[in-house]
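Thanks for making the time this morning. I would like to walk you through one structure, going from its strand pairing to a few backbone details and then to a single side chain.

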Amino acid sequence: MRFGFTPAGDAVERHVLSNGRMRAGILTLGAIVQSVELPDGTDVVLGLPTVDDYLNRSRYFGAVVGRYGNRIAGGRFTLDGTEYRLPLNNNGHSLHGGLAGFDKRVWRAEPDGERAVRLTYVSADGEEGYPGTLTVSVTYTLTDRDELRIDYRATTDAPTVLNLTNHSYFNLAGGGDVLGHVVTIEADHYLPVDEGKIPLPGAPAPVAGTPYDFTRPTAVGARLSGCYDHCYVLRPGGTMRVQEPVSGRAMEVTTTEPGVQFYTGHMLDGVATPYGRHAGLCLETQHFPDSPNRPDFPSTVLRPGQEHVSATTYRFLF
């Protein structure tokens, strides 16, 4: 169905997936997850009602971010001896693909029955400073196990860097804040960062004995001082779990990615965005921030002839 139009006149569609119990609304703008409705009608992701809101009042709500999710220090990196410079849109760094990343682009949709939709976007060579023409697809599927599965694929015609993730904010209560949500992250290490949220030099730090330890179920607000906005190094096969204790609703997250950015929405202010502080939490499965400048991190380089393949699954228990 038609959702609206961009200022350039491009039509934005809304596709509704259903597995007979759950429904998910997917937009062609930004490959956005606009809604995830559970059988009792509770919507557990933060969404917005109009195209204009998504372009002007969004903190990446539900979007696929890229070409490089998270931050690249100083908005520059060197690949095969050539330095590339990116737009600086976050305290002197490049964040989530730049000024007009994948979240602000209109993707092409190919529905696959009632349960799945495949969205495709071709990012031109030089777009937002990145080299290579990149063809990327994201497939959303609602499964029999009440999972929202996200499959990412991408190819390029020249060497580039790539870090795709989904930026959905979850609130399993359907409203209020998430400080009482109980979170488990199977990660023994995290990446300490500087004031610009760029990982510090050196190896990942142990979470043990710090407020960043979620190896055991812990309420978001139990040790919160300011915010959580950090990348965790997942154990091999590591999973994440969120439970809302009042309703009993839960979400389990699995991924093929090596890390997850855990963010608790401290930048939401109820003014520039419709939602207030800590109205949702994000589990952005991904490679590590600033990897193009960190040879000690898993590589995010994609070359011609290779295919980037990644998957993340959000399973809902109700």
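Let me begin with a pairing: histidine 189 has valine 233, in strand 20, as its bridge partner. Strand 17, residues 187-190, pairs with strand 20 in the antiparallel sense over three bridges. Strand 20 also pairs with strand 23, again in the antiparallel sense, over five bridges, and there aspartate 229 stands opposite tyrosine 263.

Before I go further, a word on the source: this is a predicted model, in which local features need pLDDT of at least 70 and side-chain atom pairs count only at pLDDT 80 or more, while totals for chains, interfaces and linings use all residues. Residues are numbered from 1 along each chain as its sequence is written, and side-chain values use heavy atoms, with hydrogens and water left out.

How enclosed is strand 20? Five of the six residues in strand 20, residues 229-234, are buried, so the strand is largely enclosed by the rest of the structure; buried here means under 20% relative accessible area, as against over 50% for exposed and in between for partly exposed, with a 1.4 Å probe and protein chains only.

Now to the backbone. Most residues other than glycine have a negative phi, and most peptide bonds are trans. Histidine 278, however, has a positive phi of about 65°; it lies in the loop between strand 23 (259-263) and strand 24 (282-286), and it counts as buried because its relative accessibility is 7%. Aspartate 146, in the loop between strand 12 (134-142) and strand 13, has a phi near 60° and, at 11% relative accessibility, is likewise counted as buried. A cis peptide bond, with omega about 15°, joins glycine 66 and arginine 67, and arginine 67 sits in the loop between strand 5 (64-65) and strand 6 (71-72).

Finally, threonine 156 belongs to strand 13, residues 147-156, and counts as buried because its relative accessibility is 9%. Which residues does threonine 156 contact, leaving aside its neighbours within four places in sequence? They are Gly132, Thr133, Leu134, Leu302, Arg303 and Pro304, where contact means heavy atoms within 4.5 Å.

How values were computed. Helix = DSSP H or I, 4+ residues; strand = E, 2+ residues; numbered from the N terminus. Pairing = 2+ DSSP bridges.
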